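Subject: Handing over the structure

Hello,

Here is the structure I promised to pass on to you. Have a look at it first, and then read on for my notes on what turned up in it.

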Amino acid sequence: MADPPSTHHPQAPKFTSPSGVFQKLRTNLAVRSKWGEINGAMGDLGTYIPIVLAMTLAKDLNLGTTLIFTGVYNVVTGAVYGVPMPVQPMKAIAAAAISGADFGIPEVMAAGICTGAILVLLGVTGLMQLVYRLIPLSVVRGIQLSQGLSFAMTAVKYIRKVQNFSKSKAAGNRHWFGLDGMVLAIVCACFIVVVNGAGEENAESESNQEMGDDVEDQSSRRRRKWRRIMGALPSAFIIFLLGVVLAFIREPKVVRDIKFGPSSVEVVKISRHAWKEGFIKGTIPQLPLSILNSVIAVCKLSYDLFPEKDFSSASVAVTVGVMNLVGCWFGAMPCCHGAGGLAGQYKFGGRSGGCVAILGAAKLILGLVLGSSIVKVLDQFPVGMLGVLLLFAGIELAMAARDMNSKEEAFVMLICAAVSLVGSSAALGFLCGIVVHVLLRLRNLSSFRSCSTICTQGTP
């Protein structure tokens, strides 16, 4: 008897009920470990504070508005993705503004809006997902390695040299002693190493060893108990609080300069010239960095750290684009996600969207209560301590490259990283990595064909 004709029809689109949406929000914003998530929220400040502070001092960026908008971004992305998705200033646009006297706030906002519009277009059309699938993992790891090492080298400069953020230059060697001395920074770095070790991997191996040991002496139990107590300390949060206290001690007059109330929010007027300059000097250098590090590298790293979380590069591109299409009109610093921020927040204990939601709530409160007057406090924050936080965030990002098992993958990754670092261009490193990857594939293919031809001719 013949089988009946197929009655399969395309499934109707599934609509999530309000209760389902509420349940997803609860899951994504769930705080697994209160101190761990608070500590993780501090892991991205080593990148965020220096750039925003430099833009405020050099270009009169509205810090209060930036805090409010980036706080909202943090809460929304934490709720949407359920991972400690960072919100960082766009570095290429910030560099163009700080180094160019004629690149003002209108040009900065025009660059952010143009970059956001292109990212939304790539995400909505599905082109971003296509790019994500085509780029080899070894090239992505090269970008992550170069970005991580770049963060680490910048962090060492923060620790060793006095920084003039308004001019983006070093102002001589840092003193060994003092409230922002090298000794203080070294002590903070040692404290983080003692508390956090090399990361979660060591903690897991110790836990497995503990479960496997049937008999252990009392001293061994004491050592493991001490390690657990040390591991529970929120190291980054402690260092940040210490930095705030030292900021007030370094300049007691800061208290009198603080004014309560949010900054006035105004629509930025962007001239035709500002659109042109913003696109040429800001969007063009920023776009490759946003695509590679803010979307593709973030998605790859997020899958490595949270394989159970499923979101596409297209959705990440859209969220980055929408953030800038909204906030830049009101003078908020152009923002994106970043693999370094995600690595830093994970390094210090961030495991859910609740981590960045806590950070976002803090930014919102500061922006609404203190507005732009908080720049006086940030200007006195010990830069060496910010360098310590940035150092560990950079190292954690660079360590993502340790899964390159074959020599060929490592070869591509290292070429990509070397060119990115020396050329100071992630786009140039990406291009070289792709070229080398294709050449190696062609070489392997030709070798395989030659071998097949020889084997065929030798067969009687």
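This is a predicted model: local features need pLDDT of at least 70, side-chain atom pairs count only at pLDDT 80 or more; totals for chains, interfaces and linings use all residues.

A residue counts as buried when its relative accessible area is under 20%, as exposed when that area is over 50%, and as partly exposed in between.

First, the overall layout. The protein chain holds 21 helices and four strands. If we take the contacts with a separation of 6 or more, 84% of them are between residues 24 or more positions apart.

Next, what the record says. An unreviewed UniProt entry lists "transmembrane region" for residues 108-128, 177-198, 229-249, 355-375, 381-399 and 411-440. I looked at two of these spans in the model. Residues 355-375 are 76% helix and 0% strand, with 24 Å between the end C-alpha atoms. Residues 381-399 are 84% helix and 0% strand, and their end C-alpha atoms are 28 Å apart.

How do the axes of α1 and α4 cross? Helix α1 (residues 18-28) and helix α4 (residues 63-81) have axes that come within 7 Å and cross at roughly 110°, which means that α1 is roughly perpendicular to α4. The contact between α1 and α4 involves four nonpolar, two polar and one charged residues. On the α1 side you will find Lys-24, Leu-25 and Asn-28, and they meet Gly-78, Ala-79, Val-80 and Tyr-81 of α4.

While you are in that part of the chain, have a look at Asp-60 in the loop between α3 and α4. Its phi is near 60°, a positive value in a residue other than glycine. Is Asp-60 buried or exposed? With a relative accessibility of 65%, Asp-60 is exposed, because that value is over the 50% cut-off.

Helix α5 gives a contrasting picture to look at. Seven of the nine residues of α5 are buried, so the helix is mostly covered. The buried residues are Lys-91, Ala-92, Ile-93, Ala-94, Ala-96, Ala-97 and Ile-98. What do they pack against? Their partners are α3 (45-59), β1 (88-89), α6, α8 (137-160) and α14.

That brings me to the salt bridges. How many are there in the whole structure? The search finds five, and I will describe some of them here.

One is between the side chains of Asp-102 and Lys-281, at 3.5 Å from N to O. This pair links distant parts of the chain, 179 residues apart: Asp-102 is in the loop between α5 (91-99) and α6 (105-125), and Lys-281 is in helix α14 (residues 272-305). Lys-281 is partly exposed, at 35% relative accessibility.

Lys-281 also forms a salt bridge with Glu-277, where the closest N and O atoms are 3.0 Å apart. Glu-277 and Lys-281 are four residues apart in helix α14, so about one helical turn separates them. Glu-277 is buried, with a relative accessible area of 13%. Through shared partners, the salt bridges join Asp-102, Glu-277 and Lys-281 into one network.

Another salt bridge brings together the side chains of Arg-250 and Asp-180, at 3.9 Å from N to O. Here too the pair links distant parts of the chain, 70 residues apart: Arg-250 is in helix α12 (residues 235-250), and Asp-180 is in the loop between β3 (169-173) and α9 (182-196). Arg-250 is partly exposed at 33% relative accessibility, whereas Asp-180 is buried at 13%.

Finally, a residue to look up in helix α14: Asn-293. It is buried, because its relative accessible area is 2%. Which residues does Asn-293 touch, leaving aside its neighbours within four places in sequence? The contacts are with Gln-147, Val-298, Gly-338 and Ala-339.

Do write back with any questions.

Best wishes

Terms used. Residues are numbered from 1 along each chain as its sequence is written. Side-chain values use heavy atoms; hydrogens and water are left out. UniProt positions are given in the numbering used here, feature names are shortened, and annotations may be inferred rather than shown by experiment. Helices (H or I, at least four residues) and strands (E, at least two) are DSSP runs, numbered from the N terminus. Axes are lines fitted to C-alpha atoms, for helices over the stretch in contact, and angles run from 0 to 180 degrees between N-to-C directions. Angles under 35 degrees count as roughly parallel, over 145 as roughly antiparallel, 65 to 115 as roughly perpendicular and the rest as oblique. Contact means heavy atoms within 4.5 Å. Ala, Val, Leu, Ile, Met, Phe, Trp, Tyr, Cys and Pro count as nonpolar, Asp, Glu, Lys and Arg as charged, and the others, Gly among them, as polar. A salt bridge is a side-chain nitrogen of Lys or Arg within 4 Å of a carboxyl oxygen of Asp or Glu. Buried means under 20% relative accessible area, exposed over 50%, partly exposed in between (1.4 Å probe, protein chains only).
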